[in-house]
Amino acid sequence: MNTPEQLVLDLPSRAALGRDDFFVSPTNALALQALDRWPGWATGKLALCGPAASGKSHLVQVWAARSGGAVVDAENLAQQDIAALAETGSVAVEDVHHLAMLPDARREQCEEALFHLHNRVLGAGGTLLVTGEGAPSRWDIKLPDLASRLGATEVATLEAPDDALLSAVLVKLFADRQLEVSPDLIQYLLSRIDRSFASAKATVATLDRAGLSRKRAITPRLAGEVLRAQGTV
């Protein structure tokens, strides 16, 4: 007989986003060093780039806590008071590459807003941090003046994870959900999931739901059942 599964509420986890919660490895050390040079960025601005779920938002929060800067999503720039935002002196704009996915009218408004924010912040001697996937020169920016300014920004890149970093990310993702897991589980997952931060995040969320619904601890055996059901192994 099949055991009935418990209904699971998809409650958000609370990520630990302090400086000490960021695991440093050779794949991200140079990016972290560039961020830590604030406020001494040569041009007053920095682009923090990397794949989805690679830790960009984590580092933005670390930087914001240190700098007292404001943080805003690029997609929300059209609704912001740009003059007031610039007056904070240090501003981070996240996921600038997402602007290419917006409807044309909203995209134009957000690009104009980012252009004016860039000029106001740097014109007043402030600092600007932008994030996105891939280098700024590859972001599909329609406003030529904005594209040229972003293209002239120093780039700090978060690389694809090595084993040590992906292990630490998995442990942290489980800990964010208040789950303690064994080293055996981490090693099991390392050899079976896609080697990306996004895959690690999705896998942990899936295993958390499976553990709750089946009222079982998250073990390599449970992980194997879940991954086989997904066709991953």
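A nonpolar core is a set of buried Ala, Val, Leu, Ile, Met, Phe, Trp, Tyr and Cys residues joined through side-chain atoms within 4.5 Å, where buried means under 20% relative accessible area with a 1.4 Å probe and protein chains only. The model is predicted, so local features need pLDDT of at least 70 and side-chain atom pairs count only at pLDDT 80 or more, while totals for chains, interfaces and linings use all residues. Residues are numbered from 1 along each chain as its sequence is written, and side-chain values use heavy atoms, with hydrogens and water left out.

**Exercise 1.** Find the largest nonpolar core and state which element gives the most to it.

*Solution.* Begin with the core itself, which has 27 residues, and in which Leu77, Val93, Val96, Leu114 and Leu117 have the most contacts. Next, look at the elements that give two or more residues to it, including β1 (45-49), β3 (90-94) and α4 (104-123); helices (H or I, at least four residues) and strands (E, at least two) are DSSP runs, numbered from the N terminus. Of the elements, α4 gives the most, with 6 residues. Then take Leu117 and leave aside residues up to four places away in sequence: Leu117 touches Leu77, Ile82, Leu85, Ala86, Val91, Val93 and Leu128, a contact being heavy atoms within 4.5 Å.

**Exercise 2.** Work out the strand order of the open sheet and explain why β2 and β5 stand at the edges.

*Solution.* The 5 strands follow the order β2-β3-β4-β1-β5, with parallel pairing, and two strands pair if DSSP finds at least two bridges between them. Because β2 and β5 (154-157) each have a single partner strand, one side of each is left without a neighbour in the sheet. From one strand to the next, the twist averages 20°. Between β2 and β3 there are 4 bridges, and Ala70 has Val91 in β3 as its bridge partner.

**Exercise 3.** Describe how helices α1 and α2 pack together.

*Solution.* First take the angle, which is about 20° for α1 (residues 29-36) and α2, and the distance between their axes, which is 11 Å; axes are lines fitted to C-alpha atoms, for helices over the stretch in contact, and angles run from 0 to 180 degrees between N-to-C directions. The two helices are therefore roughly parallel, a description used for angles under 35 degrees. As for the residues that meet, Leu32, Leu35 and Asp36 lie in α1, and Leu59, Trp63 and Arg66 in α2.

How values were computed:
Buried < 20%, exposed > 50% of the residue type's maximum accessible area, 1.4 Å probe, protein only. Parallel < 35°, antiparallel > 145°, perpendicular 65-115°, else oblique.
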